[in-house]
Amino acid sequence: MFSRPWVAKGPKSVPWLPAIIDRRYRNVGTEPIAQQANDKVAFQPYVPANVIMPEFTLRAVLLGAFLGIIFGAVSVYLALRAGLTVSASIPVAVISITIFKWLGKSTILENNIVQTVGSAGESIAAGTVFTLPALIFLGYSLDYSRIFPLALAGGLLGVLFVVPLRNALVVKEHGNLVFPEGKACADVLITGEKGGIQAGRVFGGAAIGIAYKFLMGETGGLCFWKAQPEWHPLWYPGATLAGEITPEYLGVGYIIGTRIAGIMVAGGVLSWLVLIPIIKFFGDQLPGVIYPGTIRIAQMTPTEIWSSYIRYIGAGAVTMAGIITLVRTFPTIISSFQSTFKQLKQSKLGAAAQSVERTARDLPLPLIAGGAVVVVGFLWALLAFHINPHAHGNFVSALLMVLFGFFFATVSARIVGLIGSSSNPVSGMTIATLMGTCLIFLLVGWTGGEYSAIALSIGAVVAIGGASAGATTQDLKTGFLVGGTPSRQELGYAIGVITSVFVVGLTMQLLNRSATYVKPMHLSGVAITAAMKSQGTTVYQGHSYQVYSVIGSSKIPDGRYYYDPSHKAIDYQQVMGIGSTNYPAPQATLMSVVINGILTRKLPWTLVLFGAFTVIVLELCGIPSLAFAVGLYLPISTTTPIFVGGMVKWAVERSGRKEEAESETGSGALFSSGLIAGGSLGGLALATVVGFHKEEAFAIGRHWFPHFAQSDTVALLIFAGLTLLLYFMAKSNNSTKNAT
């Protein structure tokens, strides 16, 4: 359930995939429904094609849309903070089964529609958050009128592109393409139909996550204990050991497992316990300022060193790791594309809907083709009249969106069948798209600032479309196994896209605003240059200022500033929430580095190359570099609690419960999913409190017992209690296993 872009592993290195996917699914009788490719027995789903039961009901669509919105918002929060998302299909399926049991009898096909509609939110959020926050780093505003249409178009294109491929990938390749998460989700639905699913652990984890988050507070809560214990040893200047002890990070660490969590924290150790102390050691002796910093290193805190230097090293590492991942999967991409179209050519896609049985009925191809044409026209209009009204190349850009989008949607749909949607290298595909697009722009001379926004828009549509295509195909595989109607699932996923995109952009804006602040920065004698992009005017502290975004200046670091034209001076810097230590957004930073590096060629390349060659060293040593690179970029306070969650899973496995620990429907996985959902929803609620400037009214812990609330020891003891609770929950028996 780890986010698709950052665990680019082959099938042999996915230790957390559930053991249940190796079981054979069985229908109501005794016939196996998971046959090998060479079996002569015809496939029979759990619900036969000639059985008609309630499926695409209003309550199923509404519940799926609601859960899609919830998990979409959760995924935005988690992706901005930790650079990853958690797959929503199984938690949504478990919640759906339980809620419908409370409301009365439901069918397995209704629950399948709920998980199909609900899973759209996570995939749309992942593709959006991993790309579009780069608008801030490119000097633009995080405009909802830009985010919403791009996310909507990308999500719908992903669905439209894979509908003609369903028969080739899901049906014809049934014995060859495993679709691991799709099988696991089908197992959950079948077990729930037999009465073996209990969602108490998900709801319990969510309740504990929300309560813990609100009591701890960070900013906006009750602040009863410290949110981030940290230690700066005096005998090791510049070093930092910290942990943001939140329930969502603990749950993420358990789900992704010990190895990936360990690799991520290793990247953090290199940044915060090696590189920053080295920079501090040598920088203390230097009298001047080293670009891209604006003050002497001797005056910098570890966080300021991270912001000025380490972020570029981390971005270089993530970029190189993404490129290596893409190169490594390139043979798979080519063979997947060729195999898919070979199967597509052999399929009878033109059959009328009434001539095929229910379980083989897709949306009509004329509707798919017409929808694709409408989306392409919509993208052209968006570029021509909103994003890029004064420049050339809008039609070419729309064509690039379609060409790259179709190619990588096809590839993504097949790759998830091989290694699962969680290991789908969408980020590598997006990097390839951005590099190809930027090189084309460079060759034709389109290097102005507006073309960076166009390149990012193309990359965003491809990333969102690829994520959507992979998730759609995975859901269609689940439906294939349980006996769902493909056309209804395809329509359901499109509805999930349409509903979830509303909340994705709003959540990004909320979190960005809640963590944005203004700090004094006095720079005199500043002349307006081409590196400064006007963002309008503002009034601050009773004085009128011009607002400029600075990108690629040799004298002023990248950022947003309040400029006084009468004195030709910068008085303040507006520090945006996205890109700060609160919401580092590593993937979006990577996208901006690729675009700036090719189109503007204004980067601190030495720092970027430090990170790139660090990744090469790791690869030469045989260590997977992508998770390490993300950890190198993130604050160590993020990766430390994730590592603790991974160690809990290791302890559960060592206690003799390895099968339970590795199962996606095991007690630990379900409870961790609840912790993630609850902690993330709590974080969104706290961000809302901050948005209304009411945080001080809620922070009663700091006022009533300040010593207790600021104690590192107290905070660590409370987090240790939550860790022990996860351990004992993970060791307990799950009724799912007993039922199967």
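A salt bridge is counted where a side-chain nitrogen of Lys or Arg lies within 4 Å of a carboxyl oxygen of Asp or Glu. In this predicted model, the side chains of Glu 696 and Arg 702 meet in such a salt bridge, with 3.3 Å from N to O. Glu 696 is partly exposed, at 47% relative accessibility, and Arg 702 is likewise partly exposed, at 32%.

By this rule, eight salt bridges are found. One of them joins the side chains of Glu 110 and Arg 59, at 3.1 Å from N to O. Because Glu 110 belongs to helix 3 (residues 108-129) and Arg 59 to helix 1 (residues 58-82), this pair ties together parts that are 51 residues apart in sequence. Glu 110 is buried, with a relative accessible area of 3%, whereas Arg 59 is partly exposed, with 31%. A salt bridge is also formed by Asp 284 and Lys 280, whose closest N and O atoms are 3.8 Å apart; here Asp 284 is partly exposed, at 30%, while Lys 280 counts as buried, at 12%.

The largest nonpolar core comprises 174 residues, and those with the most contacts inside it are Phe 441 and Val 497. Helix 15 (residues 449-482) supplies the largest share of this core, namely 16 residues. A second, separate core of 20 residues includes Tyr 212, Tyr 254, Val 652 and Val 714. When neighbours within four places in sequence are left aside, the residues in contact with Val 497 include Ala 120, Leu 152 and Ser 468.

Ser 680, a residue of helix 22 (residues 667-691), is buried, because its relative accessibility is 0% and the limit for burial is under 20%. Beyond residues up to four places away in sequence, Ser 680 touches Val 74, Tyr 77, Leu 78 and Glu 248.

Terms used:
Residues numbered from 1 in each chain as written. Predicted model: local features only at pLDDT ≥ 70, side-chain atom pairs only at ≥ 80, totals over all residues. Heavy atoms only, no water. Core = buried A, V, L, I, M, F, W, Y, C linked by side-chain atoms within 4.5 Å. Buried < 20%, exposed > 50% of the residue type's maximum accessible area, 1.4 Å probe, protein only. Helix = DSSP H or I, 4+ residues; strand = E, 2+ residues; numbered from the N terminus. Contact = heavy atoms within 4.5 Å.
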